[in-house]
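Subject: Structure handover and notes

Hello,

Please find the structure below, with the sequence. My notes come after it.

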Amino acid sequence: MLVALSMAEICSSYPTSGGLYYWSAKLAGPKWSPFASWITGWFNIAGQWAVTTSVDFSLAQLIQVIILLSTGGKTGGGYEASKYSVIAFHGGILLLHAIINSLPISWLSFFGQLAAAWNIFGVFVLMILIPSVATERASVKYVFTHFNTDNGQGIGNSVYIFILGLLMSQYTLTGYDASAHMTEETKNADKNGPRGIISAVGISIIVGLCYILGITFAVTNITSLLDENNDSGGYAIAEIFYQAFKSRYGSGAGGIVCLGVVAVAIFFCGMSSITSNSRMAYAFSRDGAMPFSSLWHKVNKQEVPINAVWLSASISFCMALTSLGSIVAFNAMVSIATIGLYISYALPIFFRVTLARKSFVPGPFNLGRYGVLVGWIAVTWVAIISIFFSLPVAFPVTMETLNYTPVAVGGLFILIVSSWFLRARHWFRGPLTNIDA
């Protein structure tokens, strides 16, 4: 939330679809502006593409599980889709998202409102329904104090488990820079942009926590949920839903319907992710930062950056293809989603509290005298989680269990910096000239 508050303050001063990389350019000063903008922009767009890849791939996997359960489950000889089928599902989902995002902004606004209503309604239905239907419920003590030390990963320390558990929470709370990327299509952007950033995090915290609490009260045997030989093939959430209804009614059909509610929510999430990706690609190419920039910043008659939409969908599909060769390589690539995005979030905040501490001109939304303090806490938090999420996630560490996040993020950093010094520093001057003009 503190990261979001700092971003909202900066967004109020500089509402533009470029968002983070434009903020870095404005806050880093004339000397560092192009380099700061280049690094921030590429970390942001790479992180966004990784988010879209992971969101839509998770939906493809969920569809695979729904089909499995609908045909009898693993124990009943249900159909198990191959990895090639999952990729086909993923491609179909991205195709739908690209088509939707090619529609006029009024349609996107409608789908966005529908998505918000579906998420809130769906979450509250599930958080009440699942524990109510379950024949066995966990105690309050179990839900709030139990650590799964018998996890088969060689990790028995509760503190370490807590640290690793932060990753999924942090991953969930990403993408709220989308409001910044949509500001050029938003009325009163210097006010509504910040509101969008803050409300995205605030609502996610409240609704997400309610959802987690509702679901975990239906969890009594973690080992059985993660067993690859159970009905859902080890897909824990699906197994919770399925067994809750099966134990009560003798059929897991109700659980499959509940999974459908989750699937639609994920679909809307991926749709919004493509929207954000395309606006970032449009703005970044408008400033000449991307290969073939003149192609990606073109808009159609409805003012939609149509080429950037299809570029984002295509890149996300290509990133998912790595799962066919190695799921380890795929996981390393999508790990950029969390750390890469948060690095791009932290950079403009860092410049705001250092190089622009005295020159920063606040907009209608600002944190007043607390802006610098909140900014420093936000930057420190990003530094801490970047270390946490690079720690081993299983012991003993092998080639299969090694956390490749530092390799992926470090490799991306080297690629971005190398491209700057080898070529971009000779021609890229940042976003200031184009946008300010």
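This is a predicted model: local features need pLDDT of at least 70, side-chain atom pairs count only at pLDDT 80 or more; totals for chains, interfaces and linings use all residues.

Residues are numbered from 1 along each chain as its sequence is written, and side-chain values use heavy atoms, with hydrogens and water left out.

Aromatic pairs

There are 25 aromatic pairs in the structure. Rings of Phe, Tyr and Trp (its six-membered ring) pair if their centres lie within 6.5 Å; planes under 30 degrees apart are stacked, over 60 edge-to-face, and the rest tilted. W38 and W420 make a tilted pair, at 6.1 Å centre to centre with 50 degrees between the planes. This pair links distant parts of the chain, 382 residues apart: W38 lies in helix α3 (residues 29-70) and W420 in helix α19 (residues 405-422). Helices are DSSP runs of H or I, at least four residues long, numbered from the N terminus.

W38 and W420 are both buried, where buried means under 20% relative accessible area, exposed over 50%, and partly exposed in between (1.4 Å probe, protein chains only). The pair of W42 and F284 is edge-to-face because the ring centres are 5.4 Å apart and the planes stand at 70 degrees. W42 is in helix α3 and F284 in helix α12 (residues 253-286), 242 residues apart; W42 and F284 are buried too.

Helix α1

The 12 residues of helix α1 (residues 2-13) should span 16 Å at 1.5 Å a residue, and the end C-alpha atoms are 17 Å apart, which agrees. The expected span is 1.5 Å times one less than the number of residues. Of the 12 residues in α1, 11 are buried.

Surface patch

L2, Y370, L373 and I377 make a nonpolar surface patch of about 370 Å². L373 sits in helix α18 (residues 371-388). Patch residues have over 30% relative accessible area and no salt bridge; nonpolar side chains (Val, Leu, Ile, Met, Phe, Trp, Tyr) are joined within 5 Å, like charges within 9 Å. A salt bridge is a side-chain nitrogen of Lys or Arg within 4 Å of a carboxyl oxygen of Asp or Glu. Areas come from the Shrake-Rupley method with a 1.4 Å probe, and for residues only the protein chains shown count as cover.

Cysteines

The structure has zero disulfides (cysteine sulfur pairs within 2.5 Å). The closest cysteine sulfur to that of C210 is in C258, 17 Å away and so too far for a bond. C210 is partly exposed at 22% relative accessibility, whereas C258 is buried at 5%.

Regards

Notes. Helices (H or I, at least four residues) and strands (E, at least two) are DSSP runs, numbered from the N terminus.
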